[in-house]
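Work through the exercises below with the sequence and the structure open side by side. Each task is followed by a solution in steps.

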Amino acid sequence: MAVTTLTEHPPVVQPAPAPKRNTSPTATVLLLLGAAYCLLPVLWVLIASTKSASELFNTFTFAPSTHLFDNIAFLNSYRDGLYWRWMVNSAIFAGGGAAVSTLVSAMAGFAMAKYDFRGKGLAFNLVLAGVLVPAVILAVPQYLLLAKVGMTNTYWAVLLPSFISPYGIYLCRIFAAATVPTEVLEAARMDGASDWRAFYRVALPMMRSGLVTVFLFQFVAIWNNYMLPFIMLGDDRLFPVTVGLSGLLNQGATQPAMYTSVVTGALLSIVPLVVLFLTLQRYWRVDLGAGAVKA
Amino acid sequence: MRKSSAPYLFLTPALVLFAAFLAAPIGYAGYLSLRRVKVSGLGLGAGARSEVWAGLSNYGRSLTDPEFVPSVLRVGAYGLIVVPCMLGLALVLALLLDAGRTRVGTFTRTAIFLPYAVPAVIASLLWGFLYLPRVSPIVDVLSGVGITAPDALSSGWVLYAVANIAIWGGTGFNMIVLYTALRAIPTDLFEAARIDGASDIQIALRIKIPVIGPSLVMTFLFSLIATLQVFAEPMTLRPLSNTISTTWTPLMKVYRDAFVRNDIYSAAATSVIIAAATFVISYGFLKIVGSRAFSQEN
Amino acid sequence: MKRTFAGVLAAALILTATACSSDDGDDSAGQADPNEKVALTYWSWAPNMDKVVQGWNAAHPNIQVTVNKQDGGDPAVAKLLTAIKAGSGAPDVMQAEYQKIPTLVAADAVADIAKEAGDLKAKFPESAWNSVTLGGEAVYGVPQDSGPMMFFYRSDVFDKAGVAVPKTWDEYAAAARKIHQANPKQYLGTFSSNDPGWFAGLSQQAGASWWGVQGESWTVAVNDAATKKVADYWGGLVQEGVIDNKPMYTPEWNAALNDGTQVGWLGAVWGPGVLEGNAASTKGKWKTALLPNWDAAAPANGNWGGSATSVTSQSKHKAQAAEFVKWLNTDPAAIKALAGTANVYPAANDATSVALTEPPAFFSNQTDFYALAAEAGKITKPFTYGPNVNVAYSSYNDAFGKAAESKKAAQFGAALDTIQQATVGDLKNAGFTVAS
């Protein structure tokens, strides 16, 4: 394998802190400006969610009010707590879909990085082609095909298509190539380990931080997906939170009291992802270039 | 490298899922793109419509639709705004973080990354509220200091308004990717330069950026693909303005044909055209930059 | 010479019915087994429909109906048509806007329940009944709610500006000018490129009927003289700048109703709920009137909105579904719940006697609200929808979006030609016979 020093020594997530150097006010100001730009809409939603329906568009935008808990209570009571069901559904879709797809991607990526076999080039090109296909294009034929086996309007209709992630396979191949030394695998096999055992016991732990990245990546992709569940599901008790909120928004047009629910719901729907990121941040590592750097 | 049946077993789940949920739908879309519904007479009643072969007529209609070329050009212009702005911003911020000369690094890194956790539909909704002149705090604040802000959704500005949402949502993710690549650069590569008196900017331009070149190429490629697929943002903003048509981007046309016009055949044809164009552009780009990012390691 | 839509369609439908008698095989299930336990799903977007249905479920332990709340009329039909194409996934019962019924019939998405529903014709206004029968013997649904257009205005602003309630469109234009001149921030209304149903209603009032049947062919007349008159009228007001050009149903429009910059609304009978949600702080300042007229001597009106409840062609329990649909729209308790809980204006004739005895809360100061609504319904002109309303309506969004943005009167008329072309082109392309 023609690898460089870089791929043999995979990027360290949190290297030892750089030597203490003078702080630069310019850097600080620029970074804070960037942060302000990114936080502005979030700040808006935070403040808007404290307003009552009559205040939402009629008081100064950045003047907070006191109705946050009223709004949460209203959302809570909306059709017997349907909103929380949407959150649970999103968690099921994103958690289940990401877990399975990470495992599937790890196996495929590992095979492509660490084995020689006929059709390897074809398999890899298929994966790349898969990365390029827009999800919107797939949704309709996926629906029609799943309908033929009577699986639309079930959890499976959203879960099954999420299990395959060409991008996840692509990333796993990079991580496997970069973090699992071939010699270690050979050593495991010398000790009589089967291929599966070598993968499960040796390769998987080594790829751990990469797999967390793939998991997070797929988790966000599924959590944020709108098109697929929108098409697949007719029963609003199966909706994920994106589809549910967009439905509330459509009702907002005719029942504007719903706007406050949409805003509050949007705020609450961001919270789990933020928490997830803050807890798993130290594993987060997408080095798209790592697999590309070669001699 | 070993030769055995093991790799096939490892690949089986992925291949089965790939065949069922990617290959089969794409094949089915290709089939549908060659079909059409034929109605007779008034078209009412159960026997009045039948599906027949259409040859390439769906493709012909897609390509000659007067709205198609403008929507392609619009996405081109949109890409010219989004990709350089987003990646430029991401690169600058990543370099600033990597230089480590600030105490607000952790906070700003998290803050800038936060939009990645916001679904495009919700992000567009939030920005929509910020754009509408009567409810926008930005317009409020600007008029407070005596500036009349332009209507962000008017015909002259709407492209930038949509682009802004994509830049807002994508900068953080790309910044983290580039930052990770920067952290992986062995420090001895530029410590020598620093001792020789090179400034941070010189180090960034001469050493860091060339080293993370492959990562830049890949972020560029993935941003390009995302650009070609722009859909959720204009779709969510459309009902708020006069300036976003139902065929504003090619994918919106696919959506309109499939779901509003109930013509999945035309939608399939347009989908195939978009997919083909995406391939050509992506591979063309990789050819031009000469990267072997997607090539095999052996 | 245009023959009536009714007769021709009836003939066409009888022909197709005999041609596909195999489909009628299931109809032997016309009598439901009273002891069979059945679960039905009902797609509806009306608020609180699940609460309305509770009344039915309590009384019918063997036929339990579940409401699946939909985003709105368009997304619901899009999903239904996809499910029909796929062969599974459709609900048993479906709320369908009147203008969608020809499309649904053409796609074989809704079932004929003439046998199961029995004779309901006398219970509904003729225009609503025609919309669900397409003028023939088949019954593709039971009218649920209707939407005769009405004019809502801020009486305090009118008084202050010295403007009388406009009886004609000329007076409306004069009022719009006067109000806008008195306060340049205020508009009497807006031209919405987002609401084709609204513009269709205004054109209907002027005497247009965008589709029609001539012999065995469809006719399309989106750019006929009556519609042109309406488009030119609004184009003129937008160009003059006395009428706003922003779409309705945006957060901005909501705020404008509430803060008194939009001081009038050409809405429909279901409007009070919208105003209450949008402009709660202006309660008591609004009044209702009939739409202004083109000819004060011959008052006319149009429809905006309104829907039927249909049984889909995929339902395996047609008899039970039809029974539910009938209950929902004719049972006095159900009508009361539709009006009081789901906030719709029930289509049934006895709605005014059983349910609509009090004016809506937002117009508690206007005791004759439902008398006006009944009058508005009575003078509504006939209008025929065709099998590709969706194409015409999405073309409306684009063409009038451009026109409204340009603020040029000439563009409004041109927009109609664009819609006409798109609509005819689509029909021809699909193989429909279109008379030119």
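**Exercise 1. The fold of chain C**

How many helices and how many strands are there in chain C?

Solution. The model is a predicted one.
- Step 1. Counting the elements of chain C gives 18 helices and nine strands.
- Step 2. The radius of gyration of chain C is 22 Å, and the globule rule also gives 22 Å for 436 residues, so chain C is as compact as a globular protein of that length.
- Step 3. The C-alpha trace of chain C spans about 70 × 50 × 35 Å along its principal axes.
- Step 4. Of the 436 residues in chain C, 60% are buried.
- Step 5. Take the contacts in chain C with a separation of 6 or more: 77% of them join residues 24 or more positions apart.

**Exercise 2. The domains of chain C**

Into which domains is chain C divided? Describe how they meet.

Solution. 
- Step 1. Domain 1 of chain C covers 27-146 + 305-366, and domain 2 covers 148-302 + 383-430.
- Step 2. Taken over C-alpha atoms, the centres of domain 1 and domain 2 of chain C are 28 Å apart.
- Step 3. At their contact, 17 residues of domain 1 of chain C meet 20 residues of domain 2 of chain C.
- Step 4. On the domain 1 side, the largest share comes from helix 4 (residues 101-106) of chain C, with three residues.
- Step 5. Sorted by class, that side of domain 1 of chain C has nine nonpolar, seven polar and one charged residues.

**Exercise 3. The largest nonpolar core**

Which residues have the most contacts inside the largest nonpolar core? Trace the contacts of A:Phe110.

Solution. 
- Step 1. The largest nonpolar core has 321 residues, and those with the most contacts inside it are A:Ala108, A:Phe110, B:Ala94 and B:Leu178.
- Step 2. Helix 7 (residues 158-183) of chain B gives the most to this core, with 16 residues.
- Step 3. Domain 1 and domain 2 of chain C each provide at least three residues of this core.
- Step 4. Leaving aside neighbours within four places in sequence, A:Phe110 is in contact with A:Cys172, A:Ala176, A:Phe199, A:Ala203 and B:Phe10.

**Exercise 4. A loop residue of chain B**

Is B:Ile147 buried or exposed? Place it in its chain.

Solution. 
- Step 1. B:Ile147 lies in the loop between helix 6 (137-144) and helix 7 of chain B.
- Step 2. B:Ile147 has 10 other C-beta atoms within 10 Å. The cut-off for an exposed residue is 12 or fewer, so B:Ile147 is exposed.
- Step 3. B:Tyr283 is 136 residues away along the chain, and its C-alpha atom is 46 Å from that of B:Ile147.
- Step 4. The unreviewed UniProt entry places "domain: ABC transmembrane type-1" at residues 72-285 of chain B. Over residues 72-285, chain B is 74% helix and 0% strand, with its end C-alpha atoms 18 Å apart.

How values were computed:
Residues numbered from 1 in each chain as written. Chains lettered and ligands numbered in written order. Predicted model: local features only at pLDDT ≥ 70, side-chain atom pairs only at ≥ 80, totals over all residues. UniProt positions renumbered as here; feature names shortened; annotations may be inferred. Helix = DSSP H or I, 4+ residues; strand = E, 2+ residues; numbered from the N terminus. Domains from an automatic or database assignment. Contact = placed C-beta atoms within 7 Å. Nonpolar A, V, L, I, M, F, W, Y, C, P; charged D, E, K, R; others polar. Core = buried A, V, L, I, M, F, W, Y, C linked by C-beta atoms within 7 Å. Buried ≥ 20, exposed ≤ 12 C-beta atoms within 10 Å, placed from the backbone. Rg over C-alpha atoms; globule rule 2.2 N^0.38 Å.
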